[in-house]
Amino acid sequence: MAELVRLSHHGDVAVITIDNPPVNALSPGVPEGIESAMQQAVADPQVRAVVIIGAGSTFIAGADIREFGKIVSGERPKLTLLPFLLAIEDSPKPVIMAIHGQALGGGLEVAMAGHYRVLAPKAQVGQPEVKLGIIPGAAGTQRLPRLAGVPKALEMCTDGNPIKAQEAVALGIADKIIDGDLLEGAVSFAREVAGKPAPKTRERNEKLQAVSPALFQAARAQARQKSRGLHAPLAAIDAIEASTKLDFAAGCEEEARLFNECLFSTEAQALIHLFFGERAVAKIPGLPKDVKPLDIRRAAIIGAGTMGGGIAMNYANAGIPVIVKEVKQEALDRGVGIIRNNYAKTVAKGRLTQEAMDQRMALIAPQLTYDGFDHADIITEAAFENMALKKQIFAELDKIAKPGAILATNTSTLDIDEIAAVTSRPAMVVGTHFFSPANVMKLLEVVRGKASSPEVIATAMALGKKLGKIAVLAGNCHGFIGNRMLEPYFREAQFLVEEGASVEQVNQAMYDFGMAMGPLAVDDLAGLDIGWLIRKARAAHIKPGLRVPLVADKLCEQGRFGQKTGRAWSKYDQNRTQSPDPETAALIESTAHAAGIERRQISNEEIVDRCVYGLINEGARILEDGIAQRAVDIDITYIYGYGFPAWRGGPMFYADTVGLPKVLARIEEFEKKHGSDLWAPAPLLKQLAADGKKFKDFDKSKEAGP
Ligand code: CAA
């Protein structure tokens, strides 16, 4: 038997322990090990029942996700867990699954093949496969509805979220919660049921009766709305519907067909890329292994505006006391009011108790002075995006902050080194760029200055995790990863309207591509005034004669800043409902006319290609410059910070799936038409396309680069 699985005996109960760290995935050797242990236990006349349990922190986190890529590339045969699960279910001796941590995906499928399931109080069970673009592939869609009922199986297999032990028992997925030692409890439970007829999940058909077809239609409508663009949730619904129409064996065949269809899809490749990407971004090549993050026990923030307030909520949510300083009482009151309001809305939705809200509010100390800043382990500046102001603040903070405190700036574009240079401790200065609304958005862009110390980088990354964010490390340049790439994206969106597309067409084309919002709708939401300020500050850096978007500045000159003023690219009523703005359309047309821009019909395909290839070309330069460590860091940034569709895997992965030679050819077309200043292909893109490589293979630390 493989060491991955151990067989031991507790009197007349055999205990099979899965020991495949870190999460007991069903890697090659694990199913075989369980099967062989089962055979020994069944053959042993002393054994009356079998307990299957996980070593370490969890039961089984599912199939080994690393294997899927090998199956798709033909390197490994397809997964065939079904016969192994049937063998468990057909065991003449009862099999009790003892679950702690998680039973996810294939883990829950193994558990459901057992005759009984007992759970540790904090255990969770779920079918998260849709989050990887696939569906359960080992009869999960056939056994789960038999235990939990069809409506709950539909919910669990389409949203992919796990449920807690108490709910699992209430639904009938599990039989009992064991307080105290799980193995001991499972072994005594096994003795109670030994010798009695053991229920086989696949024969429990009661919950499959009289299911209305309307249930599946409603589930499909909901999945199309909630998981826009995703195919896997729809496939999961089809497979569950099959459980109500076909016998178990035929249902499994249908599930296998749908599973394979999903596994070989670009959607699955993209989502699996992101699963590993989310974990890869936390790993920083070159950071010494023995670097320990500093302890962050107290925080302080400069600014109680939209960003400062949102950041303060992150600290309070993580249980870290935080001071929020403003210059004027009125601004402070407004900021605290917004924080209170945000929490109150969450309480009203039932997602937070009043008591928890009160505790979090009590952790936030609003004030007009620097009192207590000398005790803060990290001070985050979230003031207006203005270099002179930021320098003034950092010079003050340098005098007040204790030695060893981190000084972080929430700047979204400005030079971290220039800010750090006004302090006597540039090694302690770092960028922590939160995304608006900071209490909601998952991304934290950590910006490394040239002097930022390894401890400070490690602390900022670890802090991101503590605050519930996905932290991505970026190098220092104008706009870092995210906003630097956004420039060509927004630029092209605006050029396209000048050339004849309507605002609505541009927004809709990008929404249909899968973006959370169209680019001009985002501009309206974020406020055009911010970009206006940045453009004014950077005017000297723009090459004379370079084509620049013309309309945004004119809208700003008229005080049209977007949703907050009710007008800009679109019109907004009091409820912020959007409608086309004929005055903006006229302004665009007259501006284009005056500038001699030829107006024409523009296809949705051109809109998508120009916006997305603008992103990708700049992304290639960012990789080349070492501003992003890997292509996946850019992908994660765009998915969690900018609403890029996860099922496309991020902009760089999307380019890989389109094919870099094809992307390059289109960029060269744009270069011919719109000029090299705007569209010269990035050298890295040319090089990778010529070498038949992909962005995801590029590792600057290992290659000399083009
Ligand atoms: N396969 C392979 N590796 C896995 C894995 C899996 N199913 N689940 C986790 N890992 C790896 C992670 O990549 C990570 O590796 P590194 O340390 O090298 O980065 C390590 O295990 C620890 O994982 P986390 O950092 O995520 O640890 P966590 O404690 O925060 O979370 C978890 C643990 C909740 C189990 C989380 O890892 C998770 O959700 N895993 C995926 C579960 C899943 O999707 N299962 C379904 C698989 S598909 C399937 O089972 C199909 C089928 O029907 C047969």
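1. Helices (H or I, at least four residues) and strands (E, at least two) are DSSP runs, numbered from the N terminus. By that count the protein chain has 30 helices and 19 strands. The model is predicted: local features need pLDDT of at least 70, side-chain atom pairs count only at pLDDT 80 or more, and totals for chains, interfaces and linings use all residues. Residues are numbered from 1 along each chain as its sequence is written, and side-chain values use heavy atoms, with hydrogens and water left out.

2. Overall form. The radius of gyration, taken over C-alpha atoms, is compared with a globule rule of 2.2 Å times the number of residues to the power 0.38. For 706 residues a compact globule would come near 27 Å, and the 28 Å of the protein chain agrees with this. The C-alpha trace spans about 90 × 60 × 55 Å along its principal axes. Of the 706 residues, 55% count as buried, where buried means under 20% relative accessible area (1.4 Å probe, protein chains only).

3. Ligand shell. The ligand is surrounded by 24 residues, and the closest are Ala61, Gly106, Glu109, Arg279 and Lys283. The shell divides into 14 nonpolar, five polar and five charged residues. Here Ala, Val, Leu, Ile, Met, Phe, Trp, Tyr, Cys and Pro count as nonpolar, Asp, Glu, Lys and Arg as charged, and the others, Gly among them, as polar.

4. A polar contact is a pair of N or O atoms within 3.5 Å. A backbone N or O atom of glycine 106 lies 2.7 Å from a ligand oxygen. A polar backbone atom of alanine 63 is 2.8 Å from an oxygen atom of the ligand, and one of isoleucine 65 is 2.9 Å from a ligand nitrogen. The protein covers 72% of the 990 Å² of accessible area that the ligand has on its own, by the Shrake-Rupley method with a 1.4 Å probe.

5. Elements around the ligand. Helix H2 (65-72), strand E5 (102-104), helix H4 (106-113) and helix H12 (266-280) each give two or more residues to the shell. H12 gives the most, with three residues.

6. Cysteines. The structure holds zero disulfides, a disulfide being a pair of cysteine sulfur atoms within 2.5 Å. Cysteine 262 is buried, with a relative accessible area of 1%. For cysteine 556 the closest cysteine sulfur, in cysteine 611, is 19 Å away, also too far for a bond. Cysteine 556 is buried at 2% relative accessible area.

How values were computed: Near = heavy atom within 4 Å. Polar contact = N/O pair within 3.5 Å; in protein donor to acceptor, adjacent residues only side chain to side chain. Buried < 20%, exposed > 50% of the residue type's maximum accessible area, 1.4 Å probe, protein only.
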